[in-house]
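Keep the structure open while reading.

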Amino acid sequence: MITQILKSLFTVSLVSGVIGYIGFQATSASFVKVFFISTIIQFIFFYFYNSILSYVTRMKLEKENLDTIKLINTNNVLINCEACKKVNSVRVDLSTNNDFVCEHCKSENILEIEYKTIVKTKI
């Protein structure tokens with residue numbers, strides 16, 4: 001971590017030194033003045049760059065989390081049609097009503113989810 005910070009500071013100083021030298025040769029401004037201005041501009045630029053990068057990364061992570069939650073709430077089950085008694089693969093989403101059209105007889109069915117508890121016994 002410290003070595004990464006030192007490398008970044010060294011790179012910023014090196015770039016500022018080159019810009020300061022070029023600015024000193026091309027204009028009548030002093031090397032120190034151009035060096036400090038370019039250093040400040042680099043810090044401001046990288047602050048905004050890192051802020052934007054952090055924001056984009058956070059948004060992608062939140063989107064992935066939402067997609068994962070949707071996937072967790074969604075399951076496929078094999079269930080019989082009430083009209084023709086043939087098996088259908090139905091996607092079950094616990095956050096919505098679960099109705100489906102039979103693949104065989106085309107009748108509309110509603111999947112009713114029922115929760116109940118069972119006592120666990122030791123054998």
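Val12 is buried, because its relative accessible area of 11% is under the 20% cut-off. The residue sits in helix H1. The model is a predicted one, and the values below are computed from it.

**Val12 and Thr39: contacts between H1 and H2**

- Helix H1 spans residues 2-26, and Val12 belongs to that helix.
- Leaving out residues up to four places away in sequence, Val12 touches Thr39, Gln42 and Phe43.
- Val12 and Gln42 are 30 residues apart along the chain, yet their C-alpha atoms are separated by 7.2 Å.
- Thr39 is part of helix H2, which covers residues 31-73.
- Thr39 counts as buried because its relative accessibility is 13%.
- Beyond four places in sequence, Thr39 touches Val12 and Ser16.
- The side chain of Thr39 also reaches the backbone oxygen of Phe35, at 2.7 Å.

**A nonpolar patch on the surface**

- Nine names make up this patch: Phe10, Leu14, Val18, Tyr21, Ile22, Phe24, Phe31, Val32 and Phe36.
- Together these residues have about 940 Å² of accessible area.
- The elements that give two or more residues to the patch are helices H1 and H2.
- H1 gives the most, with 6 residues.
- Tyr21 is one of the patch residues, and its place is in helix H1.
- Tyr21 counts as exposed because its relative accessibility is 51%, and the cut-off for exposed is over 50%.

**Salt bridges**

- Side chains of opposite charge can pair when their charged atoms come close.
- The count for this model comes to 2 salt bridges.
- Asp67 pairs with Lys63, and their closest N and O atoms are 3.2 Å apart.
- Asp67 and Lys63 are 4 residues apart in helix H2, so about one helical turn separates them.
- Asp67 counts as partly exposed, at 37% relative accessibility.
- Lys63 counts as exposed, at 53% relative accessibility.
- Glu82 forms a salt bridge with Lys85, with the closest N and O atoms 3.6 Å apart.
- Both Glu82 and Lys85 are exposed.

**Positive phi at two lysines**

- Most residues other than glycine have a negative phi.
- Lys85 has a positive phi, near 65 degrees, and is not a glycine.
- Lys85 lies in the loop between strand E1 (74-80) and strand E2 (87-93).
- Lys85 is exposed, with a relative accessible area of 52%.
- Lys106 also has a positive phi, of about 65 degrees, although it is not a glycine.
- Lys106 lies in the loop between E3 and E4.
- Lys106 is exposed, with a relative accessible area of 58%.

- Strand E3 takes in residues 98-101, and strand E4 takes in residues 108-111.
- The two strands pair in the antiparallel sense over 4 bridges.
- E3 and E4 form a hairpin with 6 residues between them, and Lys106 is in the turn.
- Val101 stands opposite Glu108 in E4.

**The two faces of E4, and Leu111**

- In a regular strand the side chains alternate between the two faces of the sheet.
- The covered face of E4 holds Asn109 and Leu111.
- The uncovered face of E4 holds Glu108 and Ile110.
- Leu111 is found in strand E4 and counts as buried because its relative accessibility is 12%.
- Beyond four places in sequence, Leu111 touches Val77, Ile79, Val90, Val92 and Asn98.

**Points to check on the structure**

- Which residues does Val12 touch, not counting those up to four places away in sequence? They are Thr39, Gln42 and Phe43.
- Which element gives the most to the nonpolar patch? Helix H1 does, with 6 residues.
- Is Leu111 buried or exposed? Leu111 is buried, at 12% relative accessibility.
- Which residue stands opposite Glu108 in E4? That residue is Val101.

Conventions: Residues are numbered from 1 along each chain as its sequence is written. This is a predicted model: local features need pLDDT of at least 70, side-chain atom pairs count only at pLDDT 80 or more; totals for chains, interfaces and linings use all residues. Side-chain values use heavy atoms; hydrogens and water are left out. Buried means under 20% relative accessible area, exposed over 50%, partly exposed in between (1.4 Å probe, protein chains only). Two strands pair if DSSP finds at least two bridges between them. A polar contact is a pair of N or O atoms within 3.5 Å; within protein, one must be able to donate a hydrogen and the other to accept it, and residues adjacent in sequence count only if both atoms are side-chain atoms. Contact means heavy atoms within 4.5 Å. A salt bridge is a side-chain nitrogen of Lys or Arg within 4 Å of a carboxyl oxygen of Asp or Glu. Patches are made of residues with over 30% relative accessible area and no salt bridge: like charges are joined within 9 Å, nonpolar side chains (Val, Leu, Ile, Met, Phe, Trp, Tyr) within 5 Å. Accessible areas come from the Shrake-Rupley method with a 1.4 Å probe; for residues, only the protein chains shown count as cover.
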